[in-house]
Amino acid sequence: MSRIDDVLSIISDGLQAVTEGCKLPVRMKNSEEWPKAEVISIRQIKGVLQYYVHYVDYNKRLDEWVTEDRLDTRKIELPQGKDDKTHTNTAATTGLNTPKKLPTLTAVSSGVSRPPSPVAEETTLVTGTTVLQAALQKKTARKRKSQNSSVETQEEVDGEKKETDKEKTTSTPRLTGSLAAPGTHDDAITRMKNVELIELGRHRIKPWYFSPYPIELVTLPCIYICEFCLKFVKSRTCLQRHLTKCNLKHPPGNEIYRKGSISFFEIDGRKNKLYAQNLCLLAKLFLDHKTLYYDTDPFLFYVMCECDSKGCHIVGYFSKEKESSEDYNVACILVLPPYQRKSYGKLLIEFSYELSKFEGKTGSPEKPLSDLGLLSYRSYWTYAILQVILNTKPAEDSDVPQITINEICEQTSIKKEDVISTLQSMNLINYYKGQYIICLQKDLLEKNQKEISRRTLRIDSRCLHWTPKDWGKRSK
C-alpha cells in the first residue's frame with residue numbers, strides 16, 4: 001500500500017464521527033489548503049456520502065458539497081455539548097444549538113430520546129424540525145401569561161381562545177420578514193445553496209447563496225429566467241414558449257435616465273409587485289445579507305440596463321424605501337456577476353446619490369453592508385470626497401483652501417457619519433495648531449488619478465428626468 005493510500009485510510013477512519021454541526025479540516029477545491037470547516041448537512045447519492053461544508057472565516061459563496069476523501073477526520077471538533085452518540089440523529093441541522101429539554105409539546109422528536117428523567121413532568125427532546133414549533137408555542141404561552149395577569153376570569157377564557165386561533169395562523173409562513181429564525185431547522189436550509197445554475201438572457205450563472213425558489217425547480221440542473229419580466233421556468237422549451245407571449249423588452253416602470261447604452265428604470269413595488277418579487281428572488285442568489293421581503297409595497301427599485309436592438313438587459317439594481325426615517329437611500333444593491341468588475345457598482349452608487357441630490361438631502365446605505373458592498377462604497381466615498389477637496393479654491397483673503405464637513409456633505413449628498421469615517425480611514429484629518437487640517441499624501445493623489453482614468457462611465461445629471469415624490473402625503 002502506497003503512502004497516499006495510508007494517509008487516505010487514516011483520514012477515513014473517523015468518518016462515522018462526522019455529524020452535522022461538527023468542525024474539521026477540509027481540503028478546498030482546486031487547492032492544497034485544509035482550512036477548518038463546519039458540516040452543515042449530509043446526504044447520500046448513489047451510495048456515496050457527501051458533506052455540505054462552510055469554511056470558517058471564509059465567505060459563504062465558497063460553501064460546497066465534498067466527498068469523504070477531502071475530510072481530515074483526525075481533528076474533529078464535535079458540536080458544543082454533544083459528546084455522546086445518542087445525539088447523532090437528534091442533532092439540530094444548524095450545528096449551532098444544543099438540543100434543549102422543554103415541557104411536553106405536540107412536536108415529535110426526530111431521533112432517539114434520552115433516558116427518562118426522574119422529574120415527574122414528562123419531557124420531550126426538542127430539536128431539528130421541532131425547534132420552530134416549540135419556539136412559537138413558547139411565545140404563545142408567554143403572551144397568554146401576560147394577558148392572564150391583567151384580565152378577569154371570563155376574559156381569560158376568551159383570551160385563550162384567541163391565542164389558540166393566533167397560534168394556528170402563526171405557524172403558517174410569514175409574508176414579510178426574514179426567511180428563517182436563526183438557530184432553527186429552516187435556518188440550516190437557508191445556509192445551503194439550493195440552485196445549481198440559472199440561465200438569464202445570454203448568460204449562464206452559478207448562484208452563490210440560497211434563494212427560496214419553488215421546490216420543484218431547485219431540484220433541476222438549471223432554472224431558466226426571462227431577462228425582461230424575470231419569470232422563472234423549468235426548461236428552455238418553456239422559456240421559448242414564454243418569450244413568444246412576453247411583450248416586455250425592458251423592465252416595467254418609468255425610464256428616468258438614459259445616456260448611451262445605459263438606462264435606469266424606476267419600478268414601484270406596489271404597482272409592479274410580481275416583477276419586484278421575482279427581482280428579490282434573483283437578487284437573493286447573490287446577496288447573503290439580504291432579508292427577503294415578499295411585501296414589496298414600501299420599496300422603489302431602480303434597475304440599470306444595457307440597451308441594444310434586442311431590448312434592455314438587466315445589469316444590476318438597487319432598492320430604497322419610499323419613506324426612510326433614517327435617511328437611507330439604498331436598501332439592497334447588486335450587480336449581477338457577468339457585469340462585475342466593469343465599474344457598474346460605482347455607477348449604481350453614484351446614481352443613488354444623484355437621486356439624493358435631486359431630493360435635496362444626504363443619504364446613506366442600510367447597514368450592515370456586505371463585504372463587496374463595503375469595498376464599493378468606501379471606494380466611491382473616497383473618490384467623491386477627494387473630488388470636492390481638490391476642486392476647492394482658496395478664498396481671496398487666504399492662501400489655503402478651506403472647507404467644512406457640512407460643505408462636503410452638501411456637495412456630495414453623503415451623510416456626515418460616512419464622510420468622517422472615510423476621512424479617518426484615509427488618515428486625512430490631522431490636528432495642528434488648534435485646528436483640524438486635511439493633508440493629501442502624494443500616493444493617495446496618484447491612486448485617485450488612476451481611478452479617474454479608469455472610470456469611463458459617469459452619471460450625467462442632465463440626462464436624469466425625475467421628480468421626487470412626497471410619499472408621506474400620498475399615504476394619507
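In the predicted model, isoleucine 262 stands opposite glutamate 306 in β13, a placement that belongs to the pairing of strand β12 (residues 262-268) with β13, which runs in the antiparallel sense over seven bridges. Two strands are taken to pair if DSSP finds at least two bridges between them, and the elements themselves are DSSP runs numbered from the N terminus, with helices (H or I) of at least four residues and strands (E) of at least two. Within this pairing, serine 263 has cysteine 305 of β13 as its bridge partner. This is a predicted model, in which local features need pLDDT of at least 70 and side-chain atom pairs count only at pLDDT 80 or more, while totals for chains, interfaces and linings use all residues. Residues are numbered from 1 along each chain as its sequence is written, and side-chain values use heavy atoms, with hydrogens and water left out.

Strand β12 is mostly covered, with seven of its seven residues buried, where buried means under 20% relative accessible area, exposed over 50% and partly exposed in between (1.4 Å probe, protein chains only). In a regular strand the side chains alternate between the two faces of the sheet.

A hairpin of two residues joins β13 to β14, and β13 pairs with strand β14 (residues 311-321) in the antiparallel sense over ten bridges. Phenylalanine 301 has serine 319 in β14 as its bridge partner.

An open sheet of four strands has the order β1-β2-β3-β4 with antiparallel pairing. Strands β1 (23-25) and β4 (64-67) stand at its edges, each with a single partner strand, so one side of each is left without a neighbour in the sheet. The twist from one strand to the next averages 50 degrees, with axes fitted as lines to C-alpha atoms, for helices over the stretch in contact, and angles running from 0 to 180 degrees between N-to-C directions. Strand β1 pairs with β2 (residues 36-45) in the antiparallel sense over three bridges, and lysine 23 stands opposite glutamate 38 in β2.

The largest nonpolar core has 76 residues, and those with the most contacts inside it are Ile198, Tyr213, Phe264, Leu282, Phe286 and Phe351. A nonpolar core is here a set of buried Ala, Val, Leu, Ile, Met, Phe, Trp, Tyr and Cys residues joined through side-chain atoms within 4.5 Å. A second, separate core of 13 residues includes Val18, Cys22, Val39 and Val66.

Among the helices, the axes of α9 (residues 371-390) and α11 (residues 416-425) come within 10 Å and cross at roughly 90 degrees. That makes α9 roughly perpendicular to α11, angles of 65 to 115 degrees being counted as roughly perpendicular, under 35 as roughly parallel, over 145 as roughly antiparallel and the rest as oblique. In this contact (heavy atoms within 4.5 Å), Arg378, Trp381, Thr382, Ile385 and Ile389 in α9 meet Asp418, Val419, Ser421, Thr422, Leu423 and Ser425 in α11.

The axes of α9 and helix α12 (residues 442-454) come within 11 Å and cross at roughly 105 degrees, which makes α9 roughly perpendicular to α12. Ser379, Tyr383, Leu386, Gln387 and Leu390 of α9 make this contact with Leu444, Leu445, Asn448, Glu451 and Ile452 of α12.

Overall, the protein chain has 13 helices and 19 strands, and 41% of its 476 residues count as buried.
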